[in-house]
Amino acid sequence: MYSPAMDLRTAHALIRFGMGPTGAGTPPADPSAWLLSQLQQPDSPSVGPEPNLAEGLAALREDRENKPPPGQSRSRALYQAQGLAAVGRAVSTTTPFRERLVWFWTNHFTVSLRHGRCAALAGSFVADAIRPHVTGRFQDMVLAVMRHPAMLVYLDNAQSVGPDSEGGMRSHRGLNENLARECMELHTLSPASGYTQADVTAFARILTGWSIEVNNEPQGFIFRPRIHEPGEQTLMGRTFPDGEAGGIEALTFLANHPATHRFLATRLVCHFAADTPPPGAVRHIEGILRDTKGDLGAAAAGLVSLNDTWTPGAKLRTPLDLVVASFRALDVPADPPPPYLGILSGLGQPLWTAPAPNGWSDIAADWSGPEAMMRRIDWAYAVSGRIGERDPMTIADASLGPLTRPETHDAMARAGSRREALTLLFTSPEFQRR
Amino acid sequence: MHTLSRRAALLGLTSVVTLGRVSLALASAPTDRRFVVVILRGALDGMSAVVPYGDPDLAALRPALVPPQPGQDKGLLDLGGTFGLHPAMTRAHAMYQANELLVVHAVAGNYRVRSHFEAQDYLESGADHRMTSGWLNRAVAAMPAEAPGELNASSSAIAVGASVPLVLRGPHAVANWAPHGFAEPQEALYQQVLALNHADPITGPAIAAGMRDRGFGAQVMGSDMTDEPKGGARFAFPALASAAGAMLKAADGPRIAALELGGWDTHTAQNNRLAQPLTQLDTGLDALRTAMGDAWGKTVVLVMTEFGRTARMNGTNGTDHGTATVAFVAGGAVAGGRVVTNWPGLAPGQLFENRDLAPTTDLRSVATGLIGPHLALSPSALTTVFPGGAPVQPLRGLLRTA
C-alpha cells in the first residue's frame, strides 16, 4: 500500500514552495522545472469575481450613508466574500508557487482590518497592488502599494497634510508620519540602513497629498496639491522635487536602495529556507535583486536554485499554511466553501487582520506557544470529521508522501477511527511543517 | 483519576513521555509573592494617560488632546495637583487613592529609534538588542529556590493570552492559558498526538505544556469563576486579567504572569481611539485585583509600553512615535498614591529632540527596583536579567515593604 506516488524532492517542492499537495493532483515529474514554469504563467483563476477597487469604495460610501450596526456593514460583507474567495483560491490553485508569493508579498505590505475601513479595501489591495507584481519589478509593486487606498487609509497618509501647504495653513492640520516611517522601516530600507528621524519627517512631507477620493470621479488614489508640503525635500542626503513626482522619485530611490535589497533578501530567505536565514543564501538573493534592479521573478527563481531551500521541514506552518494544506489534502469541494475565516481566527491568524503593520511572523517561535498548538490539535480533530469513507493512508501518501514518518504511519494504522487517524496525520510534526 | 495537585500539574516542566503517559515533577511554591507584567503594545501616549495638566506648556503643544481640568465635566482625575489620570481610568484612580497605584512618569527604556517592533523586542529582551529570551523569563529562573535541591521556581510563570510574549519566553518552561473556541477531542487522542510529537523540539514541548496548562486552567476556572463572560468578551483583556488573577490567587498556582493589550498606536483622532483601550486597561487591572482576593496584598503589577508619543499633536489630532511615557505600578505591595518623576518640562528647549517628552527615568531601573526586592533577586542576579551596558541603579522605595 505504501508506495508514495512522489519522491522526496517533489513532495518538498509542493510543500515548501507551494501550498501543499492536493489529493487529486498529479505530482510534477520535474519539481524545479514545474516551479520555474509558474513564474512565467498567469495566476490560476480567482474563485468568484476578482475583487476590484470600485466596489470597495462603493461599500465605504454606502456604509457612511447608512451607518449600519457593527458586523452588518457592506464593507464587512465584502470582506467575508472576498476573504473566503482568497483562501479558496489558495486551496484550489494550480499555480501554488505564484500563490505563495502573493501571500508572502501581501504580508510584507500588510494592511489590516484593525483599521476599520480596510475591510472594504483589502481584497482589492491584493488583487490590484500585489498580485500583478509578484514576478515583476519591486519598485512597481511599491508604487502600486503606496498609491492603493487600503495602504493610504491603514497607515493614515490619506489624512496627512503639509503644514505649509495651502490646506495646512487654512485648516491648521499637519503631518502624520505613520506611512512614511513604516514604508522605510518595514517595506523598504529596514532600520539597519541607519536612517534618522529627520529622514522620516522629510519622507512624510514628500508623501503629503498622496490621498484617496471616495466620492467623485476618478475614484481611488488622488494627489492633492492643496495639502502637499511645498518645496524640495532632502531624504537620506538626496534632494527630491516638489509635487507628486517627488514622491515617485523617492519611492523609486528607496525601492532600489542596497539596504532594501538586503532586507528583502533576508525576508525571502527566511520564508523559503529557514527561520535563521543562512547568510550565503541572503547574499545570493540580494545579488540577484541588485543585478536585476529588483526583479522579483528572478529572485523567486533564485530561491528555487538555492540548496538552502531544499531541506525538508525547516519551517513551521503558520495557521494559514496549515489550513490551506489540510483542505488541499482533503480535496474539499469549493462549494459550499468551508468557514475559512472563522477557522483562521480560531487558530490565531485572522485573515488580513495582523495586529500591526509588520504583518504576521514568519518564524516558528511565534506560532508554537502551548495554547496555539492545542488549538491546532482541536481544529485538526474538527476538520478530520470530513474524511467520510476515504482512506487516511491515501491522504497521507498524497499530502506528505515519503515525508511521512514510520511512527506516524503506525499510529494511524492503530487509530480507532478514520477520523482519529487523520487527526494524527494533521497533528504530526511532519505535517505541521513545510 | 489523578491525585496530583494543581500546582503539580502546572509544574510539569520536567515531564517525560512514556507511551502516552505524562509524569509530572513536583515542587512547592518558592515564594508567596506575585508579580505581573502587562505589555501595552503600540506605544501608549503617557501624557494622555497621566496628563501633566499643571505644566504651563502642555496646552500649547496639544490643544485638542487635553481633557478638561479636574472637577469639570468629563475632567481629569486628579493625582495631587500637577498630574491627572485620563477620565476613563476611574478604577485606577480609586486604586491610587487607596495607595495601591504608583505612577512613574517620563520613563523610557534605552532605545531611541521609534520603531514599534524593535522597541518591543528590546523592551521584552531587557537589552539593547533582540535576545531569544525575555527578562521576565530570566528573572523567574534566577528566583531563589525554597530549599537546596528544590526544583527551581522557573515553571511558576504563566502567559495569559493566545501566545507567549517574548518577555516570558526563554529556556525556562512557562505555562500558557487562553480561552478557546474549538470542540475538544477525547483525552486519549491528545495523548496519542503528544506521543507522536514528543521527540520534536518545537511541537513536543508546546503540546505537553498546553495539555498541562489547560488542565490547570479548567480546574481553577471551574471552581473560582462563577460568572464567566460569554462570546467575544471571553477573549478581551478584562476577562484575561480576571482569569490570570484566579490562577495567581491559587495557593498552588503560578506566581508570575504576563499579559498583553494593544490598540495604543493613536496616529489619528486620539481622543476617540484612546478611551477604549484605556477603559480595557482600567477594567482589567480592577478585575485582576478582584480576582486575586487576599493575594493582591502580595502583588506587584508593572504596566509598560515600548515608548511614548510626540509631545505635540500631529496634523491629524493624533500623535506620532515618541520617546518617554508613563509606567504604572499597581498592587497591594506597592507604596502607591504617588507620581514618581523627575519631570523634564515641556518648554521647547526641554523636549527630547525638540519633539518628545524627554526620558528622565530608565524603565529598567523601575523593573529592577520592583523585582529586586519583591522576588528577592540579588544585584548579580539582576545583571543576568538585564544584561549589557552599565548596570542600571534600581529605583528605591517603590514597594511598601522592601
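This is a predicted model: local features need pLDDT of at least 70, side-chain atom pairs count only at pLDDT 80 or more; totals for chains, interfaces and linings use all residues.
**Chain B as a whole**

Chain B has 402 residues, and 57% of them are buried. Its secondary structure consists of twelve helices and 14 strands. Of the contacts in chain B between residues at least 6 apart in sequence, 72% join residues at least 24 apart.

How many residues of helix H7 (residues 187–197) of chain B are buried? Eight of the eleven are, so H7(B) is largely enclosed by the rest of the structure. The buried residues of H7(B) are Leu189(B), Tyr190(B), Gln192(B), Val193(B), Leu194(B), Ala195(B), Leu196(B) and Asn197(B).

**Helix pairs**

| Helix pair | Angle | Axis distance |
|---|---|---|
| H9(B) and H10(B) | about 20° | 7 Å |
| H20(A) and H21(A) | about 160° | 8 Å |
| H19(A) and H21(A) | roughly 20° | within 9 Å |

In chain B, helix H9 covers residues 237–249 and helix H10 covers residues 270–292. An angle under 35 degrees counts as roughly parallel, and therefore H9(B) and H10(B) are roughly parallel to each other. Their crossing is right-handed. On the side of H9(B), the residues that meet H10(B) include Phe237(B), Pro238(B), Ala241(B) and Lys249(B). On the side of H10(B), they include Gln280(B), Thr283(B), Leu288(B) and Met292(B). By class, the residues of this contact divide into eleven nonpolar, six polar and one charged.

In chain A, H20(A) and H21(A) pack at an angle of about 160°. That makes H20(A) roughly antiparallel to H21(A), because angles over 145 degrees count as such. H20(A) passes H21(A) in a right-handed crossing. Thr408(A), Ala411(A) and Met412(A) of H20(A) make the contact with Ala421(A), Leu424(A) and Leu425(A) of H21(A). Five of the residues in this contact are nonpolar, one is polar and none is charged.

Helix H19 (residues 392–399) of chain A also packs with H21(A), and their axes cross at roughly 20°. H19(A) is therefore roughly parallel to H21(A). The crossing of H19(A) with H21(A) is right-handed. From H19(A), the contact uses Pro392(A), Ile395(A) and Ala396(A), and from H21(A) it uses Arg418(A), Ala421(A), Leu422(A) and Leu425(A). This contact has six nonpolar residues, no polar ones and one charged residue.

Chain A is divided into domain 1 (8–31 + 314–432), domain 2 (157–255) and domain 3 (258–310). The C-alpha centres of domain 1 and domain 2 of chain A are 43 Å apart.

Which peptide bond is cis with omega near -10°? The bond from Glu217(A) to Pro218(A) is. Pro218(A) is in the loop between strand S1 (210–213) and strand S2 (220–223) of chain A. A cis peptide bond also joins Asp335(A) and Pro336(A), with omega about -5°. Pro336(A) is in the loop between helix H16 (319–330) and helix H17 (340–346) of chain A.

**Where the chains touch**

The contact between the chains takes 47 residues from chain A and 44 residues from chain B. On the chain A side, helix H10 (178–187), helix H18 (370–384), helix H20 (406–414), helix H21 (418–426) and helix H22 (429–432) each supply at least two residues. H18(A) gives the most, with eleven residues. By class, the side of chain A that touches chain B has 20 nonpolar, 16 polar and eleven charged residues.

Terms used. Residues are numbered from 1 along each chain as its sequence is written. Chains are lettered from A and ligands numbered from 1 in the order in which they are written. Two residues are in contact if their C-beta atoms, placed from the backbone, lie within 7 Å. Helices (H or I, at least four residues) and strands (E, at least two) are DSSP runs, numbered from the N terminus. Ala, Val, Leu, Ile, Met, Phe, Trp, Tyr, Cys and Pro count as nonpolar, Asp, Glu, Lys and Arg as charged, and the others, Gly among them, as polar. Domain bounds come from an automatic or database domain assignment. A residue is buried if 20 or more other C-beta atoms lie within 10 Å of its own, exposed if 12 or fewer, and partly exposed in between; C-beta atoms are placed from the backbone. Axes are lines fitted to C-alpha atoms, for helices over the stretch in contact, and angles run from 0 to 180 degrees between N-to-C directions. Angles under 35 degrees count as roughly parallel, over 145 as roughly antiparallel, 65 to 115 as roughly perpendicular and the rest as oblique. A crossing is left-handed if the near helix is turned anticlockwise from the far one by less than a right angle, and right-handed if clockwise.
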